[in-house]
Amino acid sequence: MTFTDLASHYLSRAKIDKAQLAKRVGVSTTYIYDIFSQKKPPGSFEVTSKIGDALELTKSERIEFLTAAWKAKFNDDDKQFFNASRTTSASVGARIVTGK
């Protein structure tokens, strides 16, 4: 699920609206509407965590939610770079461990 899908699902489950969520998190209603409509990516880890708090997420839901938020912050070029960097890092790490 995407960040927006998860956020909408948890918002519905919490039985609050976006204005109430914004107030609980301490951000503008416009900001909440923008991230729910994908006009803006989710904010900082701190703000995204506060959204999770306001939505009363379980530990496993919070992990899924924060992971989806992190993924939503990157465009396709960034994702390709990250995947390439991770592959390179894994290769370098394997060489260090094996000595090859």
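Start by selecting Y31, which lies in helix α3. Helices here are DSSP runs of H or I with at least four residues, strands are runs of E with at least two, and both are numbered from the N terminus. The model is predicted, so local features need pLDDT of at least 70 and side-chain atom pairs count only at pLDDT 80 or more, while totals for chains, interfaces and linings use all residues. Residues are numbered from 1 along each chain as its sequence is written, and side-chain values use heavy atoms, with hydrogens and water left out.

**Stop 1: Y31**

Is Y31 buried or exposed? Y31 counts as buried because its relative accessible area is 15%. The cut-offs are under 20% for buried, over 50% for exposed, and partly exposed in between, with a 1.4 Å probe and protein chains only.

Now show what Y31 touches. Leaving aside neighbours within four places in sequence, Y31 is in contact with K40, P41, P42, G43 and V47. Contact means heavy atoms within 4.5 Å. Then draw a line from Y31 to A19. The two are 12 residues apart in sequence, and their C-alpha atoms are 10.0 Å apart in space.

**Stop 2: the whole chain**

Zoom out and colour by secondary structure. The protein has six helices and zero strands. From the N terminus on, the order reads α-α-α-α-α-α. Of its 100 residues, 30% count as buried. Of the contacts with a separation of 6 or more, 55% come from residues 24 or more positions apart.

**Stop 3: helix α3 and its partners**

Select α3 (residues 29–36). Which residues in α3 are buried? They are Y31, I32, D34, I35 and F36. The buried residues of α3 pack against α1, α2 and α4 (45–54).

Two packed helices are described by the angle between their axes and the distance between the axes. Axes are lines fitted to C-alpha atoms, for helices over the stretch in contact, and angles run from 0 to 180 degrees between N-to-C directions.

The crossing of α2 and α3 is right-handed. In a right-handed crossing the near helix is turned clockwise from the far one by less than a right angle; anticlockwise makes it left-handed.

Show side chains at the contact. From α2, pick K18, A19, L21 and A22; from α3, pick T29, I32, Y33 and F36, which they meet. The residues of this contact divide into six nonpolar, one polar and one charged. Here Ala, Val, Leu, Ile, Met, Phe, Trp, Tyr, Cys and Pro count as nonpolar, Asp, Glu, Lys and Arg as charged, and the others, Gly among them, as polar.

**Stop 4**

Step past the end of α3 to Q38. Q38 sits in the loop between α3 and α4. Its phi is positive, about 65°, although Q38 is not a glycine. Q38 counts as exposed because its relative accessible area is 57%.

Next pick T4, in helix α1. T4 counts as buried because its relative accessibility is 12%. Leaving aside neighbours within four places in sequence, T4 is in contact with I35, F36 and Q38.

**Stop 5: the largest pocket**

The largest pocket has a volume of about 190 Å³. Of its 12 lining residues, the closest to the centre are T2, F3, T4, Q38 and A72. A pocket is an open set of points on a 1 Å grid over the protein atoms alone, where a 1.4 Å probe fits, with protein on both sides within 12 Å along at least five of seven lines; lining residues have an atom within 4 Å of a point. Grid points are joined across faces, edges and corners, and the volume is the space filled by probe spheres set on the points.

Which helix gives the most to this lining? It is α5, with three residues. Helices α1 (3–14) and α5 (59–72) each supply at least two. By class, the lining has six nonpolar, three polar and three charged residues.

**Stop 6: R13 and E56**

Finish at R13, in helix α1. R13 is partly exposed, with a relative accessible area of 37%. Not counting residues up to four places away in sequence, R13 touches L55, E56, L57 and E61. R13 and L55 are 42 residues apart along the chain, with C-alpha atoms separated by 8.2 Å.

Click on E56, in the loop between α4 and α5. E56 has a positive phi of about 55° although it is not a glycine. E56 counts as exposed because its relative accessibility is 62%.
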